[in-house]
Amino acid sequence: MTFRKKVLREVTLSSYEKRPQQNSNKDDWTLISDYISRNYHDSNINSSTIAKNLSLNTKRINDCVKANMQSTLKVYLNDLRMREAIRLLLETELQVNQIAYDIGYSTVSHFNRVFKSYKNISPSEFRKAKYKE
């Protein structure tokens, strides 16, 4: 784990350690969505890791995501990652493989597959098409 990730993890964990035991549904969703927003780039993020870090159970994580986003955690993560990928493709010169790793995909081929399912075009083709506009 890099120094940056360790610091981010410590900051993230310390902010959640002080939360009260009894939370409303909205408070749980706030904690969950904040955690996901800060950690979506981790390729190992899933309901178990979120639950462990927030002291909630996996069912609660999945129920909150479903209730607030009308989707599964996997779909929600992919949506966040795709929005960030599009931003990076348009605003930076980063290589596609670097973008894939930076936003939480452990393989470029999986990133390409997911991106193509969202945009019906590969990330490289998307970038080229946007530069022509």
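Start by selecting helix α5 (residues 73-91) and helix α7 (residues 108-119), which pack at an angle of about 90 degrees with their axes 11 Å apart. That makes α5 roughly perpendicular to α7, a label for angles of 65 to 115 degrees, where under 35 counts as roughly parallel, over 145 as roughly antiparallel and the rest as oblique. The axes are lines fitted to C-alpha atoms, for helices over the stretch in contact, and the angles run from 0 to 180 degrees between N-to-C directions. Helices (H or I, at least four residues) and strands (E, at least two) are DSSP runs, numbered from the N terminus.

A word on what you are looking at: this is a predicted model, in which local features need pLDDT of at least 70 and side-chain atom pairs count only at pLDDT 80 or more, while totals for chains, interfaces and linings use all residues. Residues are numbered from 1 along each chain as its sequence is written, and side-chain values use heavy atoms, with hydrogens and water left out.

Now show the side chains where the two helices touch. Which residues of α5 meet α7? On the α5 side, pick Val75, Asn78, Asp79, Met82, Ala85, Ile86 and Leu89; facing them in α7 are Phe111, Val114, Phe115, Tyr118 and Lys119. Contact here means heavy atoms within 4.5 Å. By class, this contact of α5 with α7 has nine nonpolar, one polar and two charged residues (Ala, Val, Leu, Ile, Met, Phe, Trp, Tyr, Cys and Pro count as nonpolar, Asp, Glu, Lys and Arg as charged, and the others, Gly among them, as polar).

Next, the rings. Rings of Phe, Tyr and Trp (its six-membered ring) pair if their centres lie within 6.5 Å, with planes under 30 degrees apart counted as stacked, over 60 as edge-to-face and the rest as tilted. By this rule the count comes to four aromatic pairs. Select tryptophan 29 and tyrosine 76: their ring centres are 5.8 Å apart and their planes at 50 degrees, so the pair is tilted. Tryptophan 29 lies in helix α2 (residues 25-39) and tyrosine 76 in helix α5, so the pair ties together parts 47 residues apart in sequence. Tryptophan 29 and tyrosine 76 are buried (buried means under 20% relative accessible area, exposed over 50%, partly exposed in between, with a 1.4 Å probe and protein chains only).

Go on to phenylalanine 115 and phenylalanine 126, an edge-to-face pair at 5.6 Å centre to centre with 70 degrees between the planes. Phenylalanine 115 belongs to helix α7 and phenylalanine 126 to helix α8 (residues 123-132), so this pair links parts eleven residues apart in sequence. Both phenylalanine 115 and phenylalanine 126 are buried.

Then hop to the loop between α4 and α5, where you'll find serine 71. Is serine 71 buried or exposed? Serine 71 is buried, with a relative accessible area of 12%. Leaving aside neighbours within four places in sequence, serine 71 is in contact with Val65, Lys66 and Tyr76.

Finally, zoom out: the protein has eight helices and zero strands, and buried residues make up 37% of its 133 residues.
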